[in-house]
Amino acid sequence: MDVKTKRRGVMENGDGGEDMVLANLIANGDDVGPLVRIAFEMGRPEGLLRQLTYVVKEKEAEIEEMCKTHYEDFILAVDELRGVLVDAEELKGELQSDNFKLQQVGSALLAKLEELLESYSVRKNMTEAIEMSKNCIQVLELCVKCNNHISEGQFYSALKTLDLVEKSCSQNILAKALKMVIERRIPVIKLHIEKKVCSQVNEWMVEIRSSARNIGQTAIGRAVTVRQRDMEMLEQQRKAEEQSASGLGDLAYTLDAEEFEEDSVLQFDLTPLYRACHIHDCLGIREKFREYYYTNRLLQLNSDLELSSAQPFVESYQTFFAQIAGFFIVEDRVLRTTGGLLLADQVETMWETAMAKMTSLLEEQFSCMESAPHLLLVKDYVTLFGSTLRQYGYGIATLIDVLDSCCDKYHLLLLEECRQQTVDVFGNDSYKQMEIKKEIDYENIVLSFNLQTSDIMPAFPYIAPFSSMVPDACRIVRSFIKGSVDYLSYGIHLNFFDSVRKYLDKFLIDVLNVTLLEKINSGNISVPQLMQIAANIAVLERACDFFLRHAAQLCGIPVRSVGRPQATLTAKVVFKTSRDAAFIALQSLVNTKINEFMTLVESINWISEETNEGGHDYIHEVIIYLESIMSPAQQILPLDDVYRVGSGAFEHISNSIVAAFSSDGVKRFNANAVINIEYDVQIIENFAEERFYSAGLGEIYSEGSFKNSLVEARQLVNLLLSSQPENFLNPDIWEKNYYALEIKKVAVILDKYKDSPDGIFGSLSNKSSKQSARKKSMDVLKKRLKDFN
């Protein structure tokens, strides 16, 4: 009742709701911190303190109430506790008595126990010492074994033993001093093994460098064999295609391709390197060894790339490239078989270094070379070097580009050398037809260059239509073709026939043809020599087809593919032009010599009172000269060219006769002079007819002869001796009888045609009306020509 009354009073005096909340929190043991925080945040801490004070008083009242309720039980408990204390004192005394007795009895046993424990300790120490000694002996035995392996060079076994030593030291208990010594010595031993292995690798590097040249030469020699085998295969294939195309049937052939085993051809020992790789793997320093190997091999490569100045390049290039080839063949084997000792990028870097140096060296050396054979030898070896290393995966495009860039220079050198040979051949030629006495000589001189005009073997001795310069020039051309093909083969161009044809054309035009023209235009050459040169050019013109076929054959191209008109050489047309130039020069020489005899203005009496049926002396001299040139022309030149020479000479004679009439040196002439010249014309016409048919030209030129070349002189003489010269201006008569005469030239000549009183139109004018009529007709013609002009 009292408690309820007090609670009611508090509720009446304070905030009943908050007091209940605070009381419940404390009763439940909850945290009142949030309530306190809220009170202080709201600024009402006094109410909270008041409530807490009330709760404390309430709890004290409860405690007091509880004590009043249980105080009798508490007194009883205190009495029982005092009884327990008395019993505890008695038990303590008994324990002290028993302990005293036990101390007296266990003293002896304790002494014995201490002795036993000490014995156990000694025994344990002895056991540990023995075990440690055994471990030390085992480790020392391993150390001795390791030393023996090192002394015997068995470094892998030494490292394995050293690993056992390290393992034993870590797993077993050793003497501290021994363990320290071993731990200090292990790195030293590993370093010693590393140095020993590197020393062996250095010795191997020296040895393999000295062997690299032989390795490279062997590999390049194998490339030569492969190239020869390929050439034989291409040749057999070409022959088979030609025989099949010619209808001779199919040709079956087989090629035994010999397979080369790399290891059987190129043997070199990489065992020291393999061992070193394994040792460094065991040491865990593979990267360090890779860098060591790469650095030293790169130094060796740079040393190999240095060209010695003690020996010319043309004498040392083979050993130089063989050394480089051997180096990269070794590195290829190292890359493939050592399990990552070299990286592909490292090998590529070394190759790029070598390529840069080699291309620079080749460009420098090629620029200094003045000999085509030397340049060809170097190029051929470089291509073999390239094809050898290409089999090992190395790129050689840069090398081929250098060779291709020097192609023009090589051909310029080759052209110059062949030019000098051609000049020597021309200078040593007698320009007389060759006499071939034996069949084998005929085969070597004629058949080998396809110079024959018939497939029938001639009788011997055989007089060839050409001089010695033709086969000699053909040999030079053939050697030029071979030199060009040799350089362009195995280069950057797969189909190089067009290039060979281009350079062949250049040689034939710029060298052979130019040399011919220089000889033709030299001025110190005779007519027979010019004839022979013209005949030689005709043969060379025919030989162009052989040259082209020979080039195709060397290039491995079927001959039928070069038989098309568009595949012919331009030089063939140029030779034809040069042959025309030779005939022009020949005609010029003949005309010049004829002019020496045709001195009509000085040697003829233009107002002669007599006629001479035997002709003037000059015409007989001309005939003798023409005889001297027509006879060799028939032997040397084809019939077409004989006709060309003869017609040109007779035409010039005709022009000279007409020119004499119109010459300023002839002021006047009479009929007797015309009659005498008519006799000359008859004589030369008869000679022309005889030479024409004796040369066999009648069968070819049935519609004309050499006599036609004298038509202008003949028509002029006929006009001057005509009974009705005024008909000259009649178009029908002119076209039939006087078509070769120029009206203006005839007018000039007729002005000089004046008879003397004693002449045929003077003394007989009163006796012959016919002659008088001719004179009148001539006067009419003169007048008409004046009016016409």
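**Close-up 1. The crossing of helices H12 and H16.** In this predicted model, the axes of helix H12 (residues 372-390) and helix H16 (residues 469-488) come within 9 Å and cross at roughly 35 degrees, where axes are lines fitted to C-alpha atoms, for helices over the stretch in contact, and angles run from 0 to 180 degrees between N-to-C directions. Helices here are DSSP runs of H or I with at least four residues, strands are runs of E with at least two, and both are numbered from the N terminus. The crossing of H12 and H16 is left-handed, a term used if the near helix is turned anticlockwise from the far one by less than a right angle. Leu375, Leu376 and Lys379 of H12 make the contact with Gly483, Asp486, Tyr487 and Leu488 of H16, contact meaning heavy atoms within 4.5 Å. These residues divide into 4 nonpolar, 1 polar and 2 charged, with Tyr and Leu counted as nonpolar, Asp and Lys as charged, and Gly as polar.

**Close-up 2. Helix H18 and its kink.** Helix H18 (residues 527-554) has 28 residues, which at 1.5 Å a residue should span 40 Å, and its end C-alpha atoms are 39 Å apart, in agreement with that value; the expected span is 1.5 Å times one less than the number of residues. A kink of about 30 degrees is centred on Ala543 of H18, the bend at a residue being the angle between axes fitted to the seven residues ending there and the seven starting there. Because 21 of its 28 residues are buried, H18 is largely enclosed by the rest of the structure; buried means under 20% relative accessible area, with a 1.4 Å probe and protein chains only. Just after H18, Gly556 takes a positive phi of about 80 degrees.

Close-up 3. Ser654 lies in helix H22 (residues 639-662) and is buried, with a relative accessible area of 1%. Leaving aside residues up to four places away in sequence, Ser654 touches Ser709, Leu710, Val711, Glu712 and Ala713. Helix H24 (residues 711-720) is mostly covered, with 8 of its 10 residues buried, among them Glu712, Ala713, Arg714 and Gln715.

**Notes to all views.** The chain has 27 helices and 2 strands, and 40% of its 789 residues count as buried. Residues are numbered from 1 along each chain as its sequence is written, and side-chain values use heavy atoms, with hydrogens and water left out. Local features need pLDDT of at least 70 and side-chain atom pairs count only at pLDDT 80 or more, whereas totals for chains, interfaces and linings use all residues.

How values were computed
Buried < 20%, exposed > 50% of the residue type's maximum accessible area, 1.4 Å probe, protein only.
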